[in-house]
Amino acid sequence: MNLEVFTKKKNERKEKYDISFLNEEEAKKIYDYHNSFPMYEKTPFIELKNLAEKVNVKNILVKDESYRFGLNAFKVLGGSFAIGKVIAKKLDMDIKDLTFEKLTSKEVKNKLGEITFITATDGNHGRGVAWAANKLNQKAIVYMPRGSAKERVENIEKEGATVKVLDANYDECVRKANKLAEKKGYIMVQDTAWDGYEDIPKWIMQGYMTLAWEMYESLQEKNIKPTHLFLQAGVGSFAAATTGFFTNMYKDEGKPIITVVEPDTVACIYESAIANERVLVGGEHETIMAGLACGEPNTFGLKVLLDNCENFIKVSDEFAAYGMRVLGNPYKDDKKVISGESGAAPFGSIIKILTYDKYKDERKKLDINSDSNLIFVSTEGDTDAQNYLDIVWDGKYESTGGIE
């Protein structure tokens, strides 16, 4: 078992990256876009009151994204908004004037013709892009890395996409997909950004703000001020979107302490935080946290994280597995959350830190105490159902140490 915490020094970057594109006005507009989809519903934001009392904090809340659009993961928010923005640009329209009804109309279809969207994915993002393309009467091609779970492949194929599993890691799949897009004139829909490719990744990032806006509204209704926000990261788009939004909404001293969690085998954000510059992590990216197995940070998303996050954590697979088991087997009458490997990683890590005396120094670094309100996002459900059962039922990737 491996867990390491890095805490950044304040004001380390002299010129902060502009996060106005992640503000309240933009969030409301994006929320309205998603709300126009007939299948839209807010996902649950669950209070684990008994567990909070057990680990001696004020509140623990978990946003359960397994209910998002019936796709078992949050990623569709980014892909669907980016595709909407692409279509709006082609029609020379503002996205606020393009509802789901308008986007699926014969008028729009006749003007656009057939567009092919292409992406690379470990599962959830590709399914979201395929779903959005299918709902909006367009085509999708999805590249996946070696070792992709059969269930994840089949779920994307069910959305009408052409799926190819390549003998390559995630970052190599991104490059191959982009090469085909350039050759064939397809539209690349990727949350990994690089020089010359930042508009669509920015739109994807903005799309995730619907999730953040829902959390913010719920916290306001419950009169809970978040003190700690824990976010998992692959390329960092989701983490950056939520970080930017919460930084804008909770100014100055009111901003929660934000912590990013990654697999220790491919912790590109963690390593970038230490170096205070973009660091690429190569290799096979072996981890059960498939959605986080990315070695190349989003260029501008990374800047948002380096400017506004206080802590960076890298953990081995056992912590994600522990989080899955605790969420799936709640304490007393707390509500159950079915969370996948990537979805449960921050939760499992922090609960271990709070309950295992071995991590008392890490607990102090994170500044968690009895007045803390801890916010988590379970970004996916059991998107690899067999592996979920192997972990939760059979104890795969067991961990040691508990409440002391």
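1. In this predicted model, tyrosine 40 has a relative accessibility of 10%. Because buried means under 20% relative accessible area, tyrosine 40 counts as buried. Phenylalanine 69, with a relative accessible area of 9%, is buried as well.

2. The structure holds 26 aromatic pairs. One of them joins tyrosine 40 and phenylalanine 69: the ring centres are 6.4 Å apart and the planes stand at 75 degrees, so the pair is edge-to-face. An angle over 60 degrees is what places a pair in that class.

3. This pair links distant parts of the chain, as its members are 29 residues apart. Tyrosine 40 lies in the loop between helix H1 (24-35) and strand E2 (45-47), whereas phenylalanine 69 lies in the loop between strand E3 (59-64) and helix H3 (76-90). Both residues also belong to a cluster linked by ring pairs, made up of Tyr31, Tyr33, Phe37, Tyr40, Phe69, Phe81, Phe100 and Trp131.

4. Tryptophan 194 and tyrosine 197 form a stacked aromatic pair, with 4.5 Å from centre to centre and 20 degrees between the planes.

5. The charged end of lysine 202 sits over the ring of phenylalanine 21, at 4.8 Å from the ring centre. Likewise, the charged end of lysine 352 sits over the ring of tyrosine 322, at 4.2 Å from its centre.

Technical notes. Residues are numbered from 1 along each chain as its sequence is written. This is a predicted model: local features need pLDDT of at least 70, side-chain atom pairs count only at pLDDT 80 or more; totals for chains, interfaces and linings use all residues. Side-chain values use heavy atoms; hydrogens and water are left out. Rings of Phe, Tyr and Trp (its six-membered ring) pair if their centres lie within 6.5 Å; planes under 30 degrees apart count as stacked, over 60 as edge-to-face and the rest as tilted. Helices (H or I, at least four residues) and strands (E, at least two) are DSSP runs, numbered from the N terminus. Buried means under 20% relative accessible area, exposed over 50%, partly exposed in between (1.4 Å probe, protein chains only). A charge sits over a ring if NZ of Lys or CZ of Arg is within 6 Å of the ring centre and within 35 degrees of the ring normal.
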